[in-house]
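User: Please take a close look at a single part of this structure and describe how it is placed and what it meets.

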Amino acid sequence: MRSSISQLFSAATDHDAGGRNAHQLQTAATPTQCTNGYAGHSGSIKDVSKTDWNSRLGDGTAQLNGTLGRGTSETAETDSSGTGGMRDALEGPGSTQNDIIHLKRRVGLFSGVALIVGTMIGSGIFVSPSGLLVRTGSIGVSFIIWMACGLLSLLGALAYAELGTMNTSSGAEWAYFMDAFGAWPAFLFSWVSTLVLKPSQMAIICLSFAQYAVEAFVFECDPPLGVVKMVAILAIVSILFVNCYSVNLGMAVQNVFTSAKLIAVLIVICGGAYKLCQGNTQHLQNAFSGATPSLGAIATAFYTGLWAYDGWNNLNYVTEEIQNPSKNLPRSIIIGIPLVTLCYALINVSYLAAMSPTEMIESEAVAVTFGNRILGVMAWLMPLSVTISTFGSANGTLFAAGRLCFAASREGHLLDILSYVHVRRLTPAPGLIFHSLIAGAMVLYGTIDSLIDFFSFTAWIFYGGAMVALIVMRYTKPNYPRPYKVPLIIPILVMVISGYLVAAPIIEKPQIEYLYAVLFILAGLIFYVPFVHYGYHPKFMGK
């Protein structure tokens, strides 16, 4: 089976001048036979020790701000196959024998900000305000939690900026766990994130997209569940095609949809300002009336708010593709996350200027209710805005998820075929397809509420682990180059809050789902020991 596939896929592992693992095309027959194929990692699943990983990374000084891969232009050129045809302008120039294949640095500052903002502003702000009010019972407390979630996201992202400029490999937490702890914690993260976290995030966003898209064509009844799920599947397929076709096309889509959703946010803010100017401030008075929420209720309210902010670390998954990452990574974070926090604060005030807290709680689509109150005959703009917002968020989520799969499989922690990169388009297509298939299965068999609860609990275990990794490396690698460095109190604070967010709901209201999540994480060791640590290779996967 592998011998027949090798005619289309070829792979080898090599090291570039900076010591990083590179993907080098080794043609099976002639170079032209691989111009439409993929280059990748041909070894079996294997253990990559902490020492080996660090030796591959080098001392961190080589190619820190350099360009991985070839300096290809995005202009049309003659196909190297000799047919004389013109290649797509979004492709690279094809492969030549012994050519090193990399993900190319194509993400600049604007695209980095667009990836953060476009991924963070999805469906959460249009749905979550009512959930926060239910769990806190107070307008004032819910507003404080909204702001606290933004501050926590910013602090976490600044800590990630230090990690991302120390190690500019793609993969985010996976790469940082390899640096700080070694192979098996990194494998557990890739195990959970690849099979659950990233696909569930994609599924949640696409279900929200489909819900709002279908509602525009349904009157006086709820949209059929089957239709909603089919539209969600179509959204996943469309986003998959965009991201497999070209990195430039994927980022262009992200930039356009981010700009469109910021216009939608501006419409909501302007509508709220108009109502405030009319004197509609009664719902903002006595903001802290009501019972004080318990610590467990506050933690679950944070889950709801943090879901709206999730995506603050997505840029770290694509650091191999960021131009000048030591500068553009922290700059994108410092611009993007405060912008999102400001938008969320103004949107919440706008909602309360147009409707009461009770009306917000009873509304299943707060943004749509707001549009009906404010926009009149133009109320259709709000469902359209939500569909645009969620589609852009899903695009950014898949863009980042494919890079995690690529990075982990490149080092032998996942199936080697998932590390393949198209030799001309330079996209990690197998990883993107793999994530999309799992997300599609979750869409067909899951619900939004159950997916959000599992995602939030599990994700903050690893966010806290990344803070521990940063603290550990401050002592184990004190002289490692750090182009951007945060005060040590920031990762310590985020680590403590992460522990609270994980422990408080379990103590307040134990649920069997939390046990399932922990067991699933630990179940990764069952696969790690034989297949990665000992390198067992099943016969059906043999050459």
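Analyst: The side chain of glutamine 201 makes a polar contact with the side chain of aspartate 310 at 2.6 Å; a polar contact is a pair of N or O atoms within 3.5 Å, where within protein one must be able to donate a hydrogen and the other to accept it, and residues adjacent in sequence count only if both atoms are side-chain atoms. The model is predicted, so local features need pLDDT of at least 70 and side-chain atom pairs count only at pLDDT 80 or more, while totals for chains, interfaces and linings use all residues. Residues are numbered from 1 along each chain as its sequence is written, and side-chain values use heavy atoms, with hydrogens and water left out.

Glutamine 201 lies in helix α7 (helices are DSSP runs of H or I, at least four residues, numbered from the N terminus). Its relative accessibility is 1%, so glutamine 201 counts as buried (under 20% relative accessible area, with a 1.4 Å probe and protein chains only).

Helix α7 (183-215) is also one of the elements against which the buried residues of α8 pack, and α9 (247-277), α14 (381-410) and α15 (429-445) are the others. Among the buried residues of α8 are Val228, Ala235 and Val242.

The axes of α8 and α15 come within 10 Å and cross at roughly 175 degrees, the axes being lines fitted to C-alpha atoms over the stretch in contact and the angles running from 0 to 180 degrees between N-to-C directions. Therefore α8 is roughly antiparallel to α15 (angles over 145 degrees). In this contact (heavy atoms within 4.5 Å), residues of α8 including Ile236 and Leu240 meet residues of α15 including Leu432 and Val443.

Methods: Buried means under 20% relative accessible area, exposed over 50%, partly exposed in between (1.4 Å probe, protein chains only). Helices (H or I, at least four residues) and strands (E, at least two) are DSSP runs, numbered from the N terminus. Angles under 35 degrees count as roughly parallel, over 145 as roughly antiparallel, 65 to 115 as roughly perpendicular and the rest as oblique.
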